[in-house]
Amino acid sequence: MINLLELKHSVIRQLSEHWKNVDFEAITKDKKRFVTYKFKIEQTQLSNLLGHVIHRPLNYFKSKDGKKEILGIGSHITYTKKYDYNKLLGLIEQHEDLIFLGAQRFSQSTKRDETWTGFDECHFSLPKLVFETSENQTVLKVIFNKKSLTSEDKRANALFELEAYLNFIRHEFAVVNTCSTTTYPEKSHWDKMMKACMDNLEKTPLEKVVLARKEIIEFDRIVDPMAIFEKNIKNAPDSYHLYLDPGDGKVFMSFTPEKLFKAKDREISLDCLAGTRPRSNDFELDLKYQSELTSSPKELEEHRIVSREIQEKLSMLGAQVKIEAPESVLKLKYIQHIHTHIVGTLSEKSNFAVLLNTLHPTPAVGGRPWVMAKKCIDEIEPFDRGLYAGPMGYISSDSCEFAVAIRSALSEETKLHVFGGCGLVTGSDTDSEWLESKNKMKIFEQPTL
């Protein structure tokens, strides 16, 4: 791994030397609010740094294909309301080197509970340090507020703070044991929820609705969320790895296989992921599950509802749409999905806020039509989804990428809230959907550390 001590000394030394020749009066007159310095460093797998980071907030993003990793430390600004998206857009349009990391709630529904205290409508931060690995190189970006560079004293303080942020120490994770696991809601309540949804599907134009539940794992002491995250990285090699620690004690993490969208200039790509069967270590049984998945009218209809709506929404954006690998099978460690990859060329470049408003939520996590599905979810689900199944990713001036934050969990002191959902269409079976949502939570099933 990269020598972090040498890195710290090198960055501080280079900045100190560079600033001797900088015209800070000219910087002061510049309209830009932030100054970014970039250092090309030894190519590094950033997941190896996670357990060494001391400072918070901490954001981590790894794309599903593994080609992009971003680690953000500290925060100059954190936006927690959607009406602040215009401010965010103004900053990244003015500063091409800035990058925001974070997530947005699944819904702005009035249903809130204490579990998600500290997370508002969204949580997007501009880090003070950004490590970014892409295209076979790693770059460290150090971002200063321009006001912190206007005098020698302020610059000395800025370097002192930077030195502190560049300190890394390997965490020693305390051993914790699972005391209990509570399902919420209980199975009997779930059966009633299912009946209410099935009645809606049969008697109204509702085509599909996604119901969620959660398991609350209680430990014998406060659990370190980074230990859970590091432990489970190996269980999700073909998924996004997402970690959001605002620094107030609660941490949200996701190992989702589902891309909401990736956009660069006018090009956009999306995942359609719906229809599920379990995996098996027995090869023949695994193939049997796969055959059931691809031949089931119920699973295919559930998938095609999602695929149709994504294509419709892209058409609304004036996109030319192309379907890649339609209805193939994506095999993960514990489950397998029907997967369609959709790409498109937009009529003009759209910003992240427009794309989020248009494409989230897809019927893979919400339902169709959305207004009816949302009403059903709001009335029937007994808890606040918070960031679960919401968009989570990064935003920069030239690109943005968001995953759908399923296969996710929220750590809160001695508890880990693990979320799982399932898509319901006409013909769905109560017990099968209970088992499917259980399988989706398996990635967090053995959290003893």
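Here is a short briefing on the chain as a whole, then its pockets, then its cavities.

What you see is a predicted model, where local features need pLDDT of at least 70, side-chain atom pairs count only at pLDDT 80 or more, and totals for chains, interfaces and linings use all residues. Residues are numbered from 1 along each chain as its sequence is written, and side-chain values use heavy atoms, with hydrogens and water left out.

**The whole chain**
- The chain has 12 helices and 21 strands; helices (H or I, at least four residues) and strands (E, at least two) are DSSP runs, numbered from the N terminus.
- A compact globule of 449 residues would have a radius of gyration near 22 Å, and the chain agrees with its 23 Å. That radius is taken over C-alpha atoms, and the globule rule is 2.2 Å times the number of residues to the power 0.38.
- Of the 449 residues, 57% count as buried, meaning under 20% relative accessible area (1.4 Å probe, protein chains only).

**Pockets**
- Pockets and cavities are both found on a 1 Å grid over the protein atoms alone: a 1.4 Å probe fits in a cavity but cannot get out, while a pocket is an open set with protein on both sides within 12 Å along at least five of seven lines. Lining residues have an atom within 4 Å of a point.
- The largest pocket has a volume of about 760 Å³, a volume being the space filled by probe spheres set on grid points joined across faces, edges and corners.
- Its lining counts 29 residues, with Lys-68, Glu-135, Lys-264, Asp-398 and Ser-399 nearest the centre.
- By class, that lining has six nonpolar, eight polar and 15 charged residues. Here Ala, Val, Leu, Ile, Met, Phe, Trp, Tyr, Cys and Pro count as nonpolar, Asp, Glu, Lys and Arg as charged, and the others, Gly among them, as polar.
- The second largest pocket comes in at about 260 Å³, and helix 12 (430–440) gives the most to its lining, with five residues.

**Cavities**
- There are three cavities of 30 Å³ or more.
- The largest cavity, about 160 Å³ in volume, has 20 lining residues, and Ala-364, Ile-406, Arg-407, Gly-421 and Lys-440 lie nearest its centre.
- Strand 21 (415–424) gives the most to the lining of the largest cavity, with five residues.
- The second largest cavity has a volume of about 110 Å³, and its lining residues include Arg-105, Phe-106 and Asp-384.

Conventions: Buried means under 20% relative accessible area, exposed over 50%, partly exposed in between (1.4 Å probe, protein chains only).
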